[in-house]
Amino acid sequence: GRPSRHCRMLRALSRVPAGLRAAHALPRVSAAPSLPQPCLLGPTRGLAKRPPSKYNLFAADVAKELKRQRDSPVAIGEIAKTASERYKKLGAAELAALEARAEAARADFEQKKAFAEAPKAPKRRKKRTAYQAFFKEKHGEVQGGLVAKQQYCRGMWAALSEGEKGKYQEKADALNEELGIS
């Protein structure tokens with residue numbers, strides 16, 4: 001699919017020379033990657049693909065603990081190794097507690113997913129006006145673009161009497177009733 005507007009803007013900014021970025025106070029963006037960056041599109045924007053497992057929750061806890069213990073950054077490999085070793089040594093009670101957290105996260109995920117994928121309420125359509133019914137009928141008489149057609153119809157509408165405008169109001173009311181617009 002096509003990248004979102006935000007992603008396209010970031011790519012464009014990354015091509016701006018550094019001197020111009022500083023001069024115009026544009027946000028600093030790293031060089032554009034050779035492969036397109038994934039942009040989240042669709043109804044589940046920002047939602048993970050699946051809920052975290054009990055191991056994912058445990059590994060996240062271990063990572064937080066290791067980061068709290070040290071001032072320097074912790075390597076991902078070290079986090080994974082430590083989490084794996086500790087997970088193997090967990091008792092049944094600790095695993096049950098993790099399973100309960102994972103089940104709660106799964107329920108929360110399913111609720112968010114259902115909300116994100118729920119059908120949206122149809123947009124409320126506006127009532128058609130007498131002028132719109134007039135324009136629909138008359139715009140075909142003029143050759144040219146939309147601006148020319150609008151100017152032609154605007155002039156013709158201004159020249160109509162109230163009785164003639166009433167005829168178009170009746171057409172607009174009939175169209176509104178047909179479309180179910182009150």
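The side chains of Glu 78 and Arg 70 meet in a salt bridge, with 2.4 Å from N to O, where a salt bridge is a side-chain nitrogen of Lys or Arg within 4 Å of a carboxyl oxygen of Asp or Glu. Glu 78 is partly exposed at 31% relative accessibility, and Arg 70 is partly exposed at 32%; here buried means under 20% relative accessible area, exposed means over 50%, and partly exposed lies in between (1.4 Å probe, protein chains only). The model is predicted, and for this reason local features need a pLDDT of at least 70 and side-chain atom pairs count only at pLDDT 80 or more, while totals for chains, interfaces and linings use all residues. Residues are numbered from 1 along each chain as its sequence is written, and side-chain values use heavy atoms, with hydrogens and water left out.

A search of the whole structure finds 8 salt bridges. One of them joins Asp 61 to Arg 101, whose closest N and O atoms are 2.7 Å apart, and this pair links distant parts of the chain, since Asp 61 lies in helix H3 and Arg 101 in helix H5, 40 residues apart. Helices are DSSP runs (H or I, at least four residues), numbered from the N terminus together with strands (E, at least two).

In soluble globular proteins, nonpolar side chains tend to be buried together.

Rings of Phe, Tyr and Trp (its six-membered ring) pair if their centres lie within 6.5 Å, and planes under 30 degrees apart count as stacked, over 60 as edge-to-face and the rest as tilted. Phe 58 and Tyr 87 form a tilted pair, 5.7 Å centre to centre with 55° between the planes, and this pair links helix H3 (residues 54-69) to helix H4 (residues 76-88), its partners being 29 residues apart. Phe 58 is buried at 11% relative accessibility, whereas Tyr 87 is partly exposed at 21%. The rings of Phe 134 and Trp 157 have their centres 5.3 Å apart and their planes at 55°, so this pair is tilted. Both Phe 134 and Trp 157 are buried.

Confidence in the model can be read from pLDDT, the predictor's confidence in each residue, from 0 to 100. The protein averages a pLDDT of 80, and 75% of the residues score at least 70. Among the elements, helix H2 (residues 18-23) has the lowest mean pLDDT (49) and H4 the highest (94). Where pLDDT is low, the predicted coordinates should not be read in detail.
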